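Trainee: I have a new model open and I'd like to go through it with you. Could we take it piece by piece?
Mentor: Gladly; ask whatever comes to mind and we will follow it from there.

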Amino acid sequence: MTRQRAEEPVEPEEAATVAATDAPAPAGDVRRRGVLPWAVSLLKKPTAWVAGVVLLALGATFGSGLQNLFTGLLPEGWSDPGKGIQLVDVRRQAMSGPVLIPDGSSAAPFKSVAQAMKAVNDPDWQAKHEWYAVESVTWEVTLVGRHSEDVVITDLRPKRSAPCTSILRQGTLVEDEPQGEGGDKILLRTDVGAPVPALTSETDGSPYFTSRTVILSKGETVVIPITATSSGPTCRWVLEVDYVDHGKRESMTIKAPGDREFGITGTPDGHPYALTWSVSCGKAMRPKDWAEHEKDQDYCPR
């Protein structure tokens, strides 16, 4: 005798579910009919197809316009790598030491001390002519932060572009007597002719960036006066800046106006220059005039 397994009774809720599953799917129901039949159905309806394309185009245009609007509201270079610091200005501090214009330069046809001093303190003149600071000069470097995240300056150091050479003894000298300047600034000093030039604090003489950093927030500005000296040799140099921006180490190079290297030389013995525009006499002095001046401190050429 063959035994047959009796069918289990079906509950009313399960019967309703089975009936609903076996029923034909209504038109447009992607869940039951699948994506392919729905797409074929859409292609058979030109009006619906055109409307879909238009909606997709409008969505892309709106998204692109919104992105452009958002980008336009941000400052230029807000996300550019390595542009977290902007060099606002680099200038020679007025009245920060004598200036030597080498022989062969056409930059010194001055007619008075006032004209000579005005020229050597003009950034445009500095950018166009070759000149050297004599013994000491103060440069002011102004930097500003550009990114929303803080930018951390970890090092600022002088770097000689070539080996230093012997002291310059020829040219036209313009006396530009130093004047002290303080204020809320980071005062630094460097001997460019030293074996390894470094920036030290004017306050205590310690290497500044060994234990300190400078942090710039977005829009924050810092002015750094740097007094460079040379006891004798003639040196050309630039400033190298190391900083951390968006978690990455970056660097930049700072030069003098006109994209020129900074230049400095020492003070020679005596008065060998062909011409010196003297502040004390208010006139141009030649070597023979200095010889008379040494005999008589009140002597000045007529």
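Trainee: Let me start with one side chain: how does Arg157 count in terms of accessibility, and why?
Mentor: Bear in mind that this is a predicted model. In it, Arg157 has a relative accessibility of 29%, and therefore counts as partly exposed.

Trainee: And which residue does Arg157 form a salt bridge with, at what N to O distance?
Mentor: One partner is Asp155, where the closest N and O atoms are 3.2 Å apart. Asp155 is itself partly exposed, because its relative accessibility is 24%. Asp242 also meets the side chain of Arg157 in a salt bridge, with an N to O distance of 2.7 Å.

Trainee: What do the salt bridges that share partners join together here?
Mentor: They join Asp155, Arg157 and Asp242 into one network. Asp242 is partly exposed too, with a relative accessible area of 22%.

Trainee: How many salt bridges does a search of the whole structure find?
Mentor: It finds six, and one of them is between the side chains of Arg91 and Glu140, at 2.9 Å from N to O. Arg91 lies in strand 1 and Glu140 in strand 4, so this pair ties together parts that are 49 residues apart in sequence.

Trainee: Is Glu140 buried or exposed?
Mentor: Glu140 counts as buried, because its relative accessibility is 4%, while Arg91 counts as partly exposed at 31%. The side chain of Glu140 also makes a polar contact of 3.1 Å with the side chain of Gln93.

Trainee: Switching to Asp289, then: where is it, and which side chain of opposite charge is nearest?
Mentor: Asp289 sits in helix 7 (residues 287-295). It is buried yet has no salt bridge, and the nearest side chain of opposite charge, that of Arg286, is 5.3 Å away.

Trainee: Which side chain does Asp289 join in a polar contact?
Mentor: That of Tyr299, at 3.5 Å. If you leave aside the neighbours within four places in sequence, Asp289 is in contact with Ala284, Tyr299 and Pro301.

Trainee: Zooming out, how many helices and strands are there in the chain?
Mentor: The chain has seven helices and 15 strands. Of its 302 residues, 33% count as buried. Among the contacts between residues at least 6 apart in sequence, 77% join residues at least 24 apart.

Trainee: What is the strand order in the open sheet of five strands?
Mentor: The order is 1-4-10-7-8, and the pairing is mixed. Strand 1 (85-92) and strand 8 (200-201) are the edge strands, each pairing on one side only. Further in, strand 7 (residues 188-191) and strand 10 (residues 221-229) run parallel and are paired over four bridges, with Thr190 standing opposite Ala228 in strand 10.

Trainee: Which strands does strand 13 pair with, and in what sense?
Mentor: Strand 3 (residues 132-134) runs parallel to strand 13 and is joined to it by two bridges, with Val134 opposite Thr265. Strand 11 pairs with strand 13 in the antiparallel sense over three bridges, and there Cys235 has Ile264 as its bridge partner.

Trainee: Last topic: where is confidence lowest and where is it highest?
Mentor: Confidence is lowest in helix 2 (residues 30-33), at a mean pLDDT of 46, and highest in strand 13 (residues 262-265), at 97. Over the chain the average pLDDT is 79, and 70% of the residues score at least 70.

Trainee: Over which residues does pLDDT stay under 50?
Mentor: Such stretches include residues 1-21, for which the model has one contact beyond four places in sequence. Residues 62-75 also stay under 50, and for them too the model has one contact beyond four places in sequence.

Definitions and conventions: Residues numbered from 1 in each chain as written. Predicted model: local features only at pLDDT ≥ 70, side-chain atom pairs only at ≥ 80, totals over all residues. Heavy atoms only, no water. Pairing = 2+ DSSP bridges. pLDDT = per-residue confidence, 0-100. Contact = heavy atoms within 4.5 Å. Buried < 20%, exposed > 50% of the residue type's maximum accessible area, 1.4 Å probe, protein only. Lys, Arg positive; Asp, Glu negative; His and termini not counted. Salt bridge = Lys/Arg side-chain N within 4 Å of Asp/Glu carboxyl O. Polar contact = N/O pair within 3.5 Å; in protein donor to acceptor, adjacent residues only side chain to side chain.
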